[in-house]
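Here is a short note to read alongside the model, written as numbered points.

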Amino acid sequence: MTSQADPGPRPFDHRMAVFGSDEEFLAQALPFLAEGLSAPHEPPPVVIAAPGNLDLLRDALGPGTGDIGLVPHTEWYTGSAANAIAQGAGHLAAHAGPGGRIHLLMEPVWGGRAGRSPRETAEWIRYEALANLLFAPLATTALCAYDARIAGATIVAAARRTHPDTPVYEDPLRIAAELDAVPLPAPPADAERLPGPAPAAGAVRTWATVQGLAPADAEVFATAVAEAAAALGPLDRALLWADGPACVCELRPVRRVDDPLAGFVPPPDTAPGQGKGLWFARQVCAYVDVRDEPDGASVRLQYG
């Protein structure tokens, strides 16, 4: 008996499935899983989806569920969009076959944080677009599942532009530029200006506690601000203000920030537990908005 030859590297295969009923979900999910099970040099596929959809698959597959991984999507998508990228990269490093080979069926939590506000929705659309660049070197096959009953027509239409298997796919950097072209609200007149060339973590922590953040959350927010400021270098200014229950910090660095992927991957020269700048901030904040505009660069972090 001879083993099957390794087919060699292939590009990231980023697909999209839209469904409006349980039957439509199964009609797209089951062939995808069968494809993954028959793919050479791959571990069994993994489904990250709503618990109800996982139950549908269990019922449809019966004993055939086998080694297919079934993960509730609220356990996978536990924070920001950048956190989802880190989660995916970590899973591929630990469990995928050669070159990142694995089939992943992924259903973001559009009824939760991803769809909570226009700003966070935009950040998740950015994640879908930039995934085409971030995972380009890997041979992963991802099927992003969109429940039209939850995500809605506007989100589905935007997501189609981020998936290469649709007729309306567009360059990820163009989509990122469009999202950045939507102006941010100006800081409020009573925003607190932090003294010094860089914001002191202690001052940010104290301010966030006064705004009502729990001590542990205030510590995380202060660390995110300090890490981002350290990565950006000298600052023209740093502002703090409350936006409802959320805490916001805007950093205005002296230098420009012209990397659209800034902070989506950890710096290669830092060990776990050491400073990771914008990458750390993106993991823990609801969003981190990096702008490079004619009047200068700005980085806005929202926590909570």
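**Notes on packing and cavities**

1. Three cavities of 30 Å³ or more are counted here. A cavity is a set of points on a 1 Å grid over the protein atoms alone where a 1.4 Å probe fits but cannot get out; points are joined across faces, edges and corners, and a volume is the space filled by probe spheres set on the points.

2. Before going on, please keep in mind that this is a predicted model, in which local features need pLDDT of at least 70 and side-chain atom pairs count only at pLDDT 80 or more, while totals for chains, interfaces and linings use all residues. Residues are numbered from 1 along each chain as its sequence is written, and side-chain values use heavy atoms, leaving out hydrogens and water.

3. The largest cavity has a volume of about 140 Å³. It is lined by 15 residues (those with an atom within 4 Å of a point), and Phe12, Met106, Tyr127, Phe135 and Ala142 are the closest to its centre. H4, S4, H5 and S5 each give two or more residues to this lining (helices, H or I of at least four residues, and strands, E of at least two, are DSSP runs numbered from the N terminus). H4 gives the largest share, four residues.

4. Now for the largest nonpolar core: it has 36 residues, and Tyr77, Met106, Trp110, Trp124, Tyr127, Phe135 and Tyr146 touch the most other members. Such a core is a set of buried Ala, Val, Leu, Ile, Met, Phe, Trp, Tyr and Cys residues joined through side-chain atoms within 4.5 Å. Among the elements supplying at least two residues each are H4 (81-95), S4 (103-106), H5 (118-134) and S5 (141-147). The largest share, eight residues, comes from H5.

5. Which residues form one aromatic cluster? They are Tyr77, Trp124 and Tyr127. Rings of Phe, Tyr and Trp (its six-membered ring) pair if their centres lie within 6.5 Å; planes under 30 degrees apart count as stacked, over 60 as edge-to-face and the rest as tilted. The centres of the Trp124 and Tyr127 rings are 5.4 Å apart and their planes are at 80 degrees, so this pair is edge-to-face. Trp124 is buried at 4% relative accessibility, and Tyr127 is buried at 6% (buried means under 20% relative accessible area, exposed over 50%, partly exposed in between, with a 1.4 Å probe and protein chains only).

6. Finally, the charged end of Arg282 sits over the ring of Phe264, 4.1 Å from its centre. Arg119 lies over the face of Tyr287, at 4.9 Å from the ring centre. The rule asks for NZ of Lys or CZ of Arg within 6 Å of the ring centre and within 35 degrees of the ring normal.

Methods: On a 1 Å grid over the protein atoms alone, a cavity is a set of points where a 1.4 Å probe fits but cannot get out, and a pocket is an open set with protein on both sides within 12 Å along at least five of seven lines; lining residues have an atom within 4 Å of a point.
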